[in-house]
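Please keep the structure open beside you as you read.

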Amino acid sequence: ETKLRGASLFDEDHAYTRTLREFERLVGEKYDGDVSFDMSLNGELGDESDFVTFLQQGVAIDYAIMAPSNMATFAPSIPLMDMPFLFRDLEHWDTALASGVMAPLEAELLAKANIRVIGYAGGGVRNLASAEPIGNMDELTGHKMRVMGAPIQAQVFSAIKAAPSAIAYNEVYNAIQTGVIAGFENEAASIQNLKFYEVAPNITLTRHAITVRPLVMSESSFSALPADLQAAVLAAGAEAGAFGRKLESTQDGEKLQEMADAGQIKVQEFAGRDELLKLVIPVQDAYAAELGATELLEAIRSK
Amino acid sequence: MIGRMLDHCCNGLRVLLGVLIAALAIPVGMQVLARYTGIIPVYLWTEELATFIFVWAVMIGAMMAVWDGTHFDVRVIPDATSPLMILLQDGFVLVMITAFALIFFWYGIEYAKFGYIQNSVMMRANMLITYISVPIAGAMWTLFAGYRLYEAVMVYKNRTVAAQ
Amino acid sequence: MIITTSLACAILFGGFIFLVAMRVPVAFALAIATVPIVVLELRLTPFIVLDRMFQSYNSFILLAVPFFLLAANLMNSGKVTDKLIDLARVLTGWMPGGLGHVNVAVSMLFAGISGSSTADAAGCGKILIPAMINEGYDRRFAIAITACSSVMGVIIPPSILMIVWGGVMQTSVGALFLAGAIPGIMIGLALMATVYGYAKVYDYPIIGRPTLAEIITAFKGAFLAMLTPILVIGGIVGGIVTPTESAIIAAAYSLILGMFVYRTVTFKDLGHIFYDTGRFASISLFAIGSASAFGWLLAFYHVPQLVVDAMTSLEFGSFGTALVIAGLFLFFGLFIDAIPTIIILGTVLLPVATAAEIHPIVFAIIGIVSLAFGLVTPPYGLCLLISASIGGMNVVQVMREVVIILLPMLLILLLIILFPEISLWLPKVLMPDAVK
Ligand code: NA
Ligand code: NA
């Protein structure tokens, strides 16, 4: 009997955990032999960057879902996968992910980090959340906001005239509440789960990023599996990813609406989003050129 | 002779530890200044640099404490009185530390290699610069605890010789 | 082989207890106990122990530890502690058992500046234990009251334990700071009542009533030092710094006071102060690494989930659960340092507390106060070890006095459990958003 172990940062209800459960179900369905699963939830085994370590080494766990940026120490091009303003809209995002356009990044990840991408979940739309409303270029200029700790994030938000700042995620709530920063950017689920709306109730629909969350497996574990189980894992990964994308992109809009209906957030459009795009494109181009990924960026844009 | 060499070595570590603690204030202080005063731009690498220094400070302090015997222990069983019991009591602790030190050293080499294939996100620094502290700590512990073990045996020998 | 949960627990806890009893340092005992598991378990290798230890130092939150220690060490070497003792003397010296009250009062003042209890035990103990013995106080009482009063260091804000707790458990550190203030002061008052009782029984002397001039001098002398809590807590509540960064404000301010205002710290002293800080901080922090590896293995075998399931099925209710939580923290505190206990036990009990509807801030204060008591309980109580060595006695010799002094403090812990508002009131008033 084969026993596979997984890890999730969240509880059973979260879209990523449900995606992983769907993956487990599908593998069991597609594979004729005996296979069982054991998943650690709620970040008991660490955060996503710890999962990367475990997967790379082939210890402790076999599969997980994570943000691409966590794998950047091994493969610097990976954060390109869901950098801000990469996808025009949900349709573009879904087409791109299903098209296999990310294959060069997958190959890099396999070679440098010993981690195999078996599917793509994600689908959270990231918007600005702030203590005061940010509705136009003037209000955005100099806006002190927390960004994720990757250079491209800081570069993009600097390009659109905001003042990005490095603050650990678990200090964000306190930092906004006390005014160390004025806001941050995230998807609806996080804003709802961690009650960020209490300190940052103003949501600006910049829709600057649509998250890509690869469903990954340790190559050490994968290569040790029998061939028919490998085939089942690959098929289940792709299907579970599609399941997860649909689930999260549907939930995202619903969650935003729920918070708006409950009066927890005030939502507004950003006046002149096209202007932001103009500012960002040169930064994206330079970033891709630095990584030698210009062709890839063009390929994603043209999907 | 070896004892004096290790003593010098440990003194070097002491100076280094003091310098690291002082240096720690720089990136953290810059971070506060940058965000609050706007005098200097907000550097996203300050946090990364601070943790680099911090890791080294902890590892160096942990190395020295083995030489000085200042890692905290718990005294529930009474102090040994006879020379043999003293040797067994001190010796057991030192043997356990040396054994763990060897594990830390051996797997630490693997761990350093694991650091070597990574680059930090903000500064793009090769992660070997911090991961290498693991096998170094293992090696220093082995030397320190190993020598203390040798000393304990010598003290025992001298005592039994003196008693005869 | 695949190891079962019960075998894993037996190896981990059995190995740890055996090694500690054999006097292997706690930090190494925790790490060595994990070795058989990672060697035997098919899914694990020793790599995981190294990684869990190493990665736990890779944490921005723990940076608060060396900075708060630095602040305390700067105050101790910069004679700022002397000024605090002068202030405590005019405030409480006129009561029977004067120096005993001064000992308690100065710990409260020190606690408001420093986040560390051990620095208080060392700094104030060095001056007050000999002074008390000279004035005819029982040596054992002098040691015990110094140790017991120093625990306020981590209860009265700022506090290293609260910063670590807030980071590990995602609780507002600002709210925790505020929540610790009243329980800390209550413990101080309980200690003073104990001193008063001792003074009546053993006829301990008063120091004498201070003159107005003395009072003014004392306040002037300590005034600048007493601004520190306002700076640190104000810095957090006012949005200048994150909790972790607040420690550097405390250190920077102490440095300025010592070097430029009181001029008692020279450049030459600084080297020593930095080294001492690094030495003590790294020993404590190193133990955090091995505790993290130990705790991670428990999680790998789903032990936390089993504990939570067992405790929720017992249905103790809020009060009963809170008692059990306090008991567990007190028990762990006998043997291990506070920060590793937060990592191993705190994270396991958080869902238990949530299920029993204990407010996360009240849960934190119960945990931190219980752990603070562990600083003075043998076999492993750092503050007691420090003050006993200053007083030149063995820990066992002062046990009886420690137990007597701890009893009223335990009563305060019980009050905190019974009346959550003791902790919640201040944060509710000052940071209503953080307590919802
Ligand atoms: Na304090
Ligand atoms: Na204790």
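On a 1 Å grid over the protein atoms alone, a cavity is a set of points where a 1.4 Å probe fits but cannot get out, while a pocket is an open set with protein on both sides within 12 Å along at least five of seven lines; lining residues have an atom within 4 Å of a point. Grid points are joined across faces, edges and corners, and a volume is the space filled by probe spheres set on the points. By this rule there are 9 cavities of 30 Å³ or more.

This is a predicted model, in which local features need pLDDT of at least 70 and side-chain atom pairs count only at pLDDT 80 or more, whereas totals for chains, interfaces and linings use all residues. Residues are numbered from 1 along each chain as its sequence is written, chains are lettered from A and ligands numbered from 1 in the order in which they are written, and side-chain values use heavy atoms, with hydrogens and water left out.

**Spaces in the protein**

The largest cavity has a volume of about 230 Å³. Its lining has 16 residues, and those nearest the centre are C:Thr118, C:Ile160, C:Leu161, C:Asp337 and C:Ile339. Two or more lining residues come from each of H4, H7, helix H9 (160-169), H14 and helix H17 (338-355) of chain C; helices here are DSSP runs (H or I, at least four residues), numbered from the N terminus.

The second largest pocket has a volume of about 870 Å³. Of the 29 residues that line this pocket, C:Thr118, C:Ala122, C:Arg279, C:Phe280 and C:Ile386 lie nearest its centre. Helix H4 (64-77), helix H5 (80-92), helix H7 (117-134), helix H14 (267-300) and helix H19 (382-391) of chain C each give at least two residues to the pocket lining. H7(C) provides the largest share, 6 residues.

**Where chain B meets chain C**

With contact taken as heavy atoms within 4.5 Å, 54 residues of chain B and 47 residues of chain C take part. About 5,000 Å² is buried between the two chains, and carbon and sulfur atoms give 80% of this area; buried area is the accessible area (1.4 Å probe) that two parts lose on being put together, summed over both. B:Phe54, B:Phe72 and B:Val74 supply 16% of what chain B buries against chain C, more than any other three residues.

The count between chain B and chain C is 1 salt bridge, a term for a side-chain nitrogen of Lys or Arg within 4 Å of a carboxyl oxygen of Asp or Glu. B:Asp79 and C:Arg23 form a salt bridge through their side chains (2.8 Å, N to O). On the chain B side, H2(B) gives the largest share of the residues that touch chain C, 14 residues.

**Where chain B meets chain A**

Here the contact involves 12 residues from chain B and 20 residues from chain A. The buried area is about 1,400 Å², with 63% from carbon and sulfur atoms, and the rule finds 0 salt bridges between chain B and chain A.

**Residue classes**

Ala, Val, Leu, Ile, Met, Phe, Trp, Tyr, Cys and Pro count as nonpolar, Asp, Glu, Lys and Arg as charged, and the others, Gly among them, as polar.

| Surface | Residues by class |
|---|---|
| Side of chain B that touches chain A | 6 nonpolar, 3 polar, 3 charged residues |
| Side of chain B that touches chain C | 36 nonpolar, 11 polar, 7 charged residues |
| Lining of the second largest pocket | 12 nonpolar, 10 polar, 7 charged residues |
| Lining of the largest cavity | 10 nonpolar, 5 polar, 1 charged residues |
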